[in-house]
Amino acid sequence: MAEGININADIAQEAGILTGISMGTAFGMLVLLMLIILMVAWAVRRFQGIEEQEPSLHQDPGARDKALAGVIAVTAVLATSGSAYYTDADAGHP
Amino acid sequence: MSEFQEFLRATGFSNIDWRNAVMLVVGLAFVYAAISRGLEPYELLPIGLGVILANLPLTGLIDFVGGSGAPQESGIFGIVFHYGLSFWNLLPPIIFLGLGAMTDFGPVIANPKTLLLGAAAQLGIFAAFWGALATDRFSLSEAAAIGIIGGADGPTTIFLSARLAPELLGITAVIAYSYMAAIAFIQPPLMKLLTTKNERSIEMRPLREVGRNEKLIFAALAMIIIILIVPRSAPLIALFMIGNMFRESGVVPRLTNAASNELLNIATIFLMITVGTQLTAERVFMVDTIVILGLGLAAFSVGTTGGLLFAKLMNLVLKEKINPLIGSAGVSAVPMAARISHHVGQEANPRVFLLPHAMGPNVAGVIGSAVVAGVFISLI
């Protein structure tokens with residue numbers, strides 16, 4: 001198997017640089033977008049005076065139970081219609 | 001009599017060989033999978049029909065005669081391939097316009113740290129990239145076109161392949177869409193192998209409401225900043241964000257509807273059939289195709305693993321834990337990967353509702369793979 005692994009040194013170097021730049025750019029870009037989102041959220045709250053209400057996991061037992069009942073019902077329908085992971089609705093866009 | 005013999009020699013029956021016949025069966029198999037099994041029908045049905053057309057001899061459908069050649073010598077799919085893909089590369093950006101008009105950035109904005117999971121899942125691209133180079137059968141351009149399969153994004157795969165390795169376009173696109181169709185079989189075993197039941201049972205807080213202003217500002221800023229940093233990603237990112245801003249503005253419903261319906265559907269028809277026509281017997285019956293098939297599977301597996309493990313890594317420092325299953329949704333097969341995260345979570349704990357949370361990394365993966373494609377185009 002080791003004999004099949006044969007990368008020209010120059011190509012390996014170029015590929016290494018490509019990998020580093022690509023992954024670094026992708027991560028860096030998404031970190032930057034994360035910061036932008038946090039800044040925009042702060043700015044919208046500040047200038048529109050909107051109080052952010054973070055939904056709590058345990059806030060409203062009644063509403064949560066209704067939501068849970070809805071999820072269980074949907075899951076049951078999906079389970080009876082065939083694959084656990086596939087529904088016709090999965091036939092989406094390209 | 002000689003005219004009759006000439007006529008017989010000019011029929012497809014006289015010019016078909018066993019490899020064409022096998023490809024006809026492959027095309028019919030795609031059609032069957034799409035219609036009877038409902039596997040990615042919007043992709044596999046037109047691709048399967050394209051495969052059938054490409055392997056019927058002497059049709060001229062995929063010929064292209066450029067320059068001063070007579071126009072009637074070019075076939076419809078040769079023209080669409082040339083102008084839609086290899087020469088102008090128009091069709092993938094048009095698809096992204098439609099996708100942007102259908103995308104909701106709300107889950108990403110409500111939980112921005114999930115963006116990082118979209119980046120981690122792009123590791124699959126580099127697994128296939130390095131794997132292709134290690135076989136010593138592919139150039140750097142071809143390895144990049146093979147690697148982008150790991151982004152699990154059809155239009156991005158087609159866009160990059162058309163640019164860097166048009167001869168591999170049909171193979172890389174079909175393999176990408178085939179594995180996207182099979183993602184329900186690829187991901188769950190890995191998800192269960194790499195996470196404990198306790199981890200899969202982690203409940204996540206419902207997401208906050210995200211207003212229209214936030215979504216609009218995010219789309220505009222993201223477009224400007226991404227394109228300033230990676231200008232070559234502009235054809236995909238710009239159209240994606242423009243489509244999204246049409247949607248979120250709420251003031252151009254006709255444009256939003258046209259982008260996400262008529263335009264997207266027309267582009268899909270021509271793009272997918274044309275991609276299928278690239279799978280001629282001459283191209284498929286090569287060892288390289290089997291190698292790319294294996295590399296594609298490795299790409300999806302490593303991408304899934306990367307997303308899952310990065311989510312677990314994040315949980316080491318986060319006070320409010322995330323369910324690591326959403327990490328696998330960074331493999332941006334939208335929305336299937338998000339749905340799979342949700343279903344696997346439900347199996348562990350029926351109270352877990354991951355779909356909105358998984359859409360964050362799912363959409364982030366689209367951005368991540370487009371950024372990587374832009375870097376590849378810039379540097380190769």
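Predicted model: local features only at pLDDT ≥ 70, side-chain atom pairs only at ≥ 80, totals over all residues.
At 0% relative accessibility, Phe129(B) counts as buried. Here buried means under 20% relative accessible area, exposed means over 50%, and partly exposed is anything in between, using a 1.4 Å probe and protein chains only.

A quick word on ground rules. Residues are numbered from 1 along each chain as its sequence is written, and chains are lettered from A and ligands numbered from 1 in the order in which they are written.

## Rings that pair up

Searching the whole structure turns up 15 aromatic pairs over all chains. Rings of Phe, Tyr and Trp (its six-membered ring) pair if their centres lie within 6.5 Å; planes under 30 degrees apart are stacked, over 60 edge-to-face, and the rest tilted. Take Phe105(B) and Phe240(B): their ring centres sit 6.0 Å apart with planes at 80 degrees, so this pair is edge-to-face. Phe105(B) is in the loop between helix H6 (91–102) and helix H7 (106–110) of chain B, while Phe240(B) is in helix H16 (residues 234–249) of chain B, which puts the partners 135 residues apart. Helices (H or I, at least four residues) and strands (E, at least two) are DSSP runs, numbered from the N terminus. Both partners are tucked away: Phe105(B) is buried at 0% relative accessible area, and Phe240(B) is buried at 2%.

Back to Phe129(B), whose ring centre is 5.5 Å from that of Phe376(B), with planes at 35 degrees, so the pair is tilted. Phe129(B) belongs to helix H9 (residues 123–134) of chain B and Phe376(B) to helix H21 (residues 355–379) of chain B, 247 residues apart. Phe376(B) is buried too, at 0% relative accessible area. Elsewhere, ring pairs join Phe64(B), Tyr83(B), Phe87(B) and Trp88(B) into a cluster.

## Charged partners

Side chains of opposite charge can pair when their charged atoms come close. Over all chains, there are nine salt bridges, each a side-chain nitrogen of Lys or Arg within 4 Å of a carboxyl oxygen of Asp or Glu. One of them joins Lys312(B) to Glu199(B), with the closest N and O atoms 3.3 Å apart. Lys312(B) is in helix H19 (residues 287–317) of chain B and Glu199(B) in helix H14 (residues 197–200) of chain B, so the bridge ties together parts 113 residues apart in sequence. Lys312(B) is partly exposed, at 24%.

Another is the bridge between Arg205(B) and Glu320(B), whose closest N and O atoms are 2.6 Å apart. Arg205(B) sits in the loop between H14 and H15 of chain B and Glu320(B) in the loop between H19 and H20 of chain B, so parts 115 residues apart in sequence are tied together. Arg205(B) is partly exposed at 28%, as is Glu320(B) at 42%.

## Where the chains meet

Counting contacts (heavy atoms within 4.5 Å), 73 residues of chain B touch 49 residues of chain A. The two chains bury about 5,400 Å² between them, 74% of it on carbon and sulfur atoms; this is the accessible area (1.4 Å probe) lost on putting them together, summed over both. No salt bridges are counted between chain B and chain A.

Methods:
Heavy atoms only, no water.
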